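This report describes the fold of one protein chain.

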Amino acid sequence: MLASKYSTFKNHLIALLGLCITLSTGLAQAASITESALAGQSTTIILTPAKLGLDSQLNLADYTVFVQDPSDQEICSRESVGLEEFASKQLDCTTEDFQYNDSTKQLTYSPSDSSTTGDTFELTYVATVPSQEPQVNGTITYTITNTAIKNAVDIFNETCDALEAEVPVILSETANKDPISESELRALCLATDEERATFNPEEVVAQFTSVKQQITAQKGNIFKRFKALRAGDTGVSVAGLTYSIKGDEFSGEWLHAIADSIGGAAGEGAPVSKWGFFVNGSLTDGNRDGTDLERGYDNDASTATIGADYRFSRNLIGGIAYGINESSLEFDGNDDGMDNDMTNVIVYGTWYKDAFNVDVLIGAAEGEIETKRQVTVSSVSTTIGGETDTQQTFLSIAAGYNFNNNALSYGPYASFDYITGEIDAYEETGEIGLEVAFDEQDIESKVFTMGGQLSYAISTDWGVVVPHARAEWKKELDDDRDIITGQFAGIAGSEFSIEADDFDDNWFHAAVGVSATFRHGLSAYIDYDSIVAYDDTSLSTLSYGGRWEASF
């Protein structure tokens, strides 16, 4: 009897052990996948066999993956949604969503507006190979970040890795051509690391800077008119035309001086008119040094502004102006370039009384940017082009006061400049398959300036010499640059990001110089200006020129 009981117990024990072995062989150890998800952007990963811990030789059709949000069962399926509190850093189905395609094994997650840097969103998965056991189960954890930037080269490398792993890559039509074939994409993947560096369209970050500089140039043309108006100038003036080469400025006021030397002052005896007309402009040749984030380039630009104003009273003048800009950038290292043409309409006014003045201008600008860049594959360079439009509005308010103590003049001034607008989304055109579709870029700049100036007039037998100096502090109130996003137009799920250097938020300008006024209305000046304490930038400018005014 004891032997029978022992035999029965042994059989039960063997059966229990067998059941445990069977259960243990049906489940694999949980695996963890961690990914970074950029706030405000979609992140797509491919659940390859290697990533899931399966046999790397498997094809996509050989296994299935079931992905779910565990909070969907624990939270969102309950009627008490919103009654329970959860950790602020653990995102769940109440705000987050994802898309998974098992045929392509692509998992896409876009953080919601409720997410912030450091938050996490966790999914669970079960991978099954019908012909094999055990199943593989695990978790996929996304961490929200704004620093895990993947550029175009990073994304292209991942695409080539997916091709090598026999993971299908979805190819799509671009703006001007049919989808490239998989064999063509594989040919592009043969590019060396040095050649792949040309795939990164980092030149796009210069668009914001170019637009900002061109608007600043137009505002400078108007402020030249303000200065002339407060000096009592009326009628037609071309005194504001200038030509500068890397800061060396030749003033168009010399045109008046030449006219004076030929036949005397053109405006002598002319009646004062309430109407005034002017033409101001500039030609600029400059350059920017490259940084870790931005390529260096040479810049040629020109502006022209024509306008008419009306003197409403002795102290109040208002007017309207039309301006055009043309800018051309040539980037270091190859033939990459960018042209930026803009038109501007500006309404302006100045009010002054005794030594105090207030200047205001409001403007709107539209422009067209054309780009070209070269990419190299297998030692063959191909040009890719792009074209987009820009729209901006801008505002400038300035005020100053001059104290006069005999020959000494000094006083403070301040200004606020605001620019807002956008660069439209656009898609490049080309034939190689590496064309990029860029998202819209926002433009925002707020600069506050405080400064002071002083001058001293010294009278001589042949004229008046005036040494002068000025210093100003500038504060950029919106120094952060937004990340520029785009994707390869012909490759689905290839979103990438491009960083740009932030604008310095504090810097100084200092200048010294001397001007001289001679007989017959002729004047000349020399001025040395330097930027002080600007991050990674040193810039000094020596400018000189002359002035002669005529009124009609």
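What follows concerns a predicted model.

The protein chain contains eight helices and 28 strands. Whole-chain values are listed below.

| Property of the protein chain | Value |
|---|---|
| Residues counted as buried | 42% of the 552 residues |
| Contacts with a separation of 6 or more that join residues 24 or more positions apart | 66% |
| Accessible surface | about 28200 Å² |
| Part of the accessible surface belonging to carbon and sulfur atoms | 55% |

The largest nonpolar core has 55 residues. Within this core, Leu52, Tyr125, Ile140, Tyr142, Phe156 and Leu434 touch the most other members. The element that gives the most to the core is helix H4 (residues 152–164), with six residues. Domain 1 (33–70 + 89–145) and domain 2 (202–548) both give residues to this core, so the core lies between them.

Leu434 can be followed in more detail. Leaving aside residues up to four places away in sequence, Leu434 touches Phe156, Leu188, Phe199, Arg373, Val375, Val377, Ile384, Glu428 and Phe488.

Four bridges join S2 and strand S6 (residues 106–109) in the antiparallel sense. In S6, Gln106 is the residue opposite Ile46.

Notes:
Residues are numbered from 1 along each chain as its sequence is written. This is a predicted model: local features need pLDDT of at least 70, side-chain atom pairs count only at pLDDT 80 or more; totals for chains, interfaces and linings use all residues. Side-chain values use heavy atoms; hydrogens and water are left out. Two strands pair if DSSP finds at least two bridges between them. Helices (H or I, at least four residues) and strands (E, at least two) are DSSP runs, numbered from the N terminus. Buried means under 20% relative accessible area, exposed over 50%, partly exposed in between (1.4 Å probe, protein chains only). Contact means heavy atoms within 4.5 Å. Accessible areas come from the Shrake-Rupley method with a 1.4 Å probe; for residues, only the protein chains shown count as cover. A nonpolar core is a set of buried Ala, Val, Leu, Ile, Met, Phe, Trp, Tyr and Cys residues joined through side-chain atoms within 4.5 Å. Domain bounds come from an automatic or database domain assignment.
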